[in-house]
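This report concerns a model of two protein chains and is organised by topic. The sequence and structure are shown first.

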Amino acid sequence: MPTPAISIQNLTKVFPIPFRREKVVAVKDLSLNVEAGHVYGLLGPNGSGKSTTMKIVLGLVSPTAGKTEIFGRDSAEVESREDVGFLPESPYFYKFLTGEETLLFYGKLCGLRGAKLKERAKELLHLVGLESAAARRIGGYSKGMLQRIGLAQALVQEPRLLVLDEPTAGVDPAGSREIRDLILAFKQRGITVLLCSHLLSQVQEICDRIGILHEGRLVREGALADLISIDTQTEIVLENATPQFLDQLRAAAARGGAKIVEERKPQRTLERYFLEVTGGGE
Amino acid sequence: MLDVFLTPMSAAPSATRHKLFSPARIWALASNTLLELVRLKVFYFLLLFALLIIGSSAFVVKFSFQEQFQVLKDVALGAMSIFTWLLAVLSTALLLPKDIEERTLYTILAKPVPRCEYLLGKLLGVLTLLFLATSLMSFLFVGVLYYREQGAIASLGDMPPDEFAAAVAAVKASTFSPSLIQGIVFIYLKAALCASLTLLLSTFASTTIFTIMVSVVVYFIGHVQALARDYWLRDATVGPLTKIFLAFVSLVFPDLQLFNVVDDIAAGAALPMAIFLKTSALGVIYIAVYFLAGYFLFQNKEL
């Protein structure tokens, strides 16, 4: 059996409240695996334990009980982070650095050096569409640009696993779609993605599997298609169907004992409509 | 846009395997810290220092040359001591709480960077900044002192060669001496010690302002630590609770008074080499101990 990209076993995290006897249970007995090459969506309302789980996986917080592993290596070990790129929610990088300097700095932390590192920084700036802003200081970047440079720094050492916390927060629809396309491209390359997002429509578009956390517990987990499909219903979308043919279809359904639950014109998404109007889809 | 990224994996640069302790990684963090502080324009205070010593130099022209040099050395070394301390405390207090507050720390520690390297990089960045600031102030001070020395020699006028040589020797003896370098080294070590101590405080303090306030209090306690140590070790009349308190002050706080040699050096007193070396070694030990204590707290900190 292949080693999972992330393995979480019986994870519990309890935060004591200073000067009080109470404790907050952020995560309770959580177990899940994220298989290599998958895009996994970790969902849940605010305070459900998503961020704490991510921080434990990244070794930023120690678990009260249980264990997390990245490609088979205990995530408490610094070495496990060789394979991880992380983009936190609303990231702030050093404002005094330019976009290019930021990537060079993070590259050096990953052991990259010299001409190769410079080349890599250029590639990544091109990838996230920030070539023209490479020499500008981060302090002058918009929120969307910060997300993009954050994504670029997460990719600097070619990680096998990307942990993305709300990667499209504050990004305009065109930028949001680019990030979504990038995530799908990562998947094509075999990069595993752990995605935390409140944008459920986006999660639905790109995730293979999801886990839903509520009050620190994993309440649902599985392949997205299995979880959200309605087994007793079938959807058929027809093009150029005449009214006569539709009448025949309704009659055939009635004869066969099936009930037509809903008839409607399919709609494009608001995002697609917006992009068509603003030219962002070109 | 995706074409670049969709090159085969082998074409992309590969990071070197993780090393347990990487000087290159530490220097990347240290140079970044130095750059941060330089771009915060902390070197502007040097202008203030320049104004202070040039102003004091112009103010004392009516005194005898020995008095002129003593006042100049007093003012310059005293100002260097205060400026380097301020620089050490203010710049160090800023680093860690800001990284935590702005979540920059997450992106750094999510890379294969051990926490001790992060902390060491921050400290080395501040120590490099202090070294540069101390060096620049020293050059400025030595420049002004040399200028005043040459002025004093030029004003000696016509004298028989023997008397002139003796007068020049007297002028030179009251300007430059080896103890001046020792004094500058102590100023640097004291500031470095305060930086290490402030870094320790910032590992558990939640804000920059709290770190600065505690660091200032510690600075003042550090100047009376020797007094507390004397009472603790020699005075048998103090009660047990007072004794515990005195022991706490003596063991936890640094003895900063040891590094206060500016007045003696300005007055021309020589500092024995053995005392210089012992005090310097003690300074280095203080820096190391406070760094290790900071590392211990930071290693277990929940982010």
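## Basis and confidence

The model is predicted; local features need pLDDT of at least 70, side-chain atom pairs count only at pLDDT 80 or more, and totals for chains, interfaces and linings use all residues. Residues are numbered from 1 along each chain as its sequence is written, while chains are lettered from A and ligands numbered from 1 in the order in which they are written.

The model has an ipTM of 0.83 and a pTM of 0.84. The mean pLDDT (the predictor's confidence in each residue, from 0 to 100) of chain B is 84, with 91% of the residues scoring at least 70. Within chain B, helix 12 (residues 273–299) has the highest confidence, at 93, and helix 2 (residues 45–59) the lowest, at a mean of 74. Over residues 6–16 of chain B, pLDDT stays under 50. For that stretch the model has 16 contacts beyond four places in sequence, a contact being a pair of residues whose C-beta atoms, placed from the backbone, lie within 7 Å.

## Overall form of chain A

Chain A contains 9 helices and 10 strands; helices (H or I, at least four residues) and strands (E, at least two) are DSSP runs, numbered from the N terminus. Along the principal axes, its C-alpha atoms fill a box of roughly 70 × 50 × 40 Å.

Of the 282 residues in chain A, 42% are buried. A residue is buried if 20 or more other C-beta atoms lie within 10 Å of its own, exposed if 12 or fewer, and partly exposed in between, with C-beta atoms placed from the backbone. Among contacts in chain A between residues at least 6 apart in sequence, 66% join residues at least 24 apart.

## The antiparallel sheet of chain A

Chain A has an open sheet of 4 strands in the order 2-1-4-5, with antiparallel pairing; two strands pair if DSSP finds at least two bridges between them. Its edge strands, strand 2 (23–34) and strand 5 (73–74) of chain A, each pair on one side only. Helix 1 (residues 50–57) of chain A packs on this sheet and touches strand 1 (6–16), strand 2 and strand 4 of chain A. The direction of helix 1 of chain A makes about 115° with that of strand 1 of chain A; axes are lines fitted to C-alpha atoms, for helices over the stretch in contact, and angles run from 0 to 180 degrees between N-to-C directions.

Strand 1 of chain A is joined to strand 2 of chain A by 8 bridges, and A:P16 stands opposite A:K23 of strand 2. The hairpin of these two strands has 6 residues between them, and A:F19 takes a positive phi near 65° there. Strand 1 of chain A is also joined to strand 4 of chain A, by 5 bridges, with A:T12 and A:A65 as bridge partners. Strand 4 (residues 65–70) and strand 5 of chain A pair over 2 bridges, where A:I70 is partnered by A:R73.

Strand 8 (residues 192–196) of chain A has 5 of its 5 residues buried. A:T192, A:L194 and A:C196 point one way, and A:V193 and A:L195 the other way. Strand 8 of chain A pairs in the parallel sense with strand 3 (residues 39–43) of chain A over 4 bridges, and A:G41 stands opposite A:L195. Strand 8 of chain A also pairs in the parallel sense with strand 7 (residues 161–165) of chain A, over 5 bridges; here A:D165 stands opposite A:C196.

A:I212 lies in strand 9 (residues 209–214) of chain A. A:I212 is partly exposed because 18 other C-beta atoms lie within 10 Å. Beyond its neighbours within four places in sequence, A:I212 is in contact with A:L43, A:G44, A:V219 and A:R220.

Helix 1 (residues 23–39) of chain B has 17 residues, so at 1.5 Å a residue it should span 24 Å, in agreement with the 24 Å between its end C-alpha atoms; the expected span is 1.5 Å times one less than the number of residues. The buried residues of this helix include B:I26, B:L29, B:T33 and B:L37. The cover over its buried residues includes helix 2 (99–109) of chain A, together with helix 3 (65–101) and helix 5 (115–154) of chain B. Just after helix 1 of chain B, B:K41 takes a positive phi of about 65°.

The contact between the chains takes 36 residues from chain A and 32 residues from chain B. On the side of chain B that touches chain A, helix 1 and helix 4 (104–109) of chain B are the elements that give two or more residues, and helix 1 of chain B gives the most, with 6 residues. By class, this side has 19 nonpolar, 6 polar and 7 charged residues; Ala, Val, Leu, Ile, Met, Phe, Trp, Tyr, Cys and Pro count as nonpolar, Asp, Glu, Lys and Arg as charged, and the others, Gly among them, as polar.

Notes. Two residues are in contact if their C-beta atoms, placed from the backbone, lie within 7 Å.
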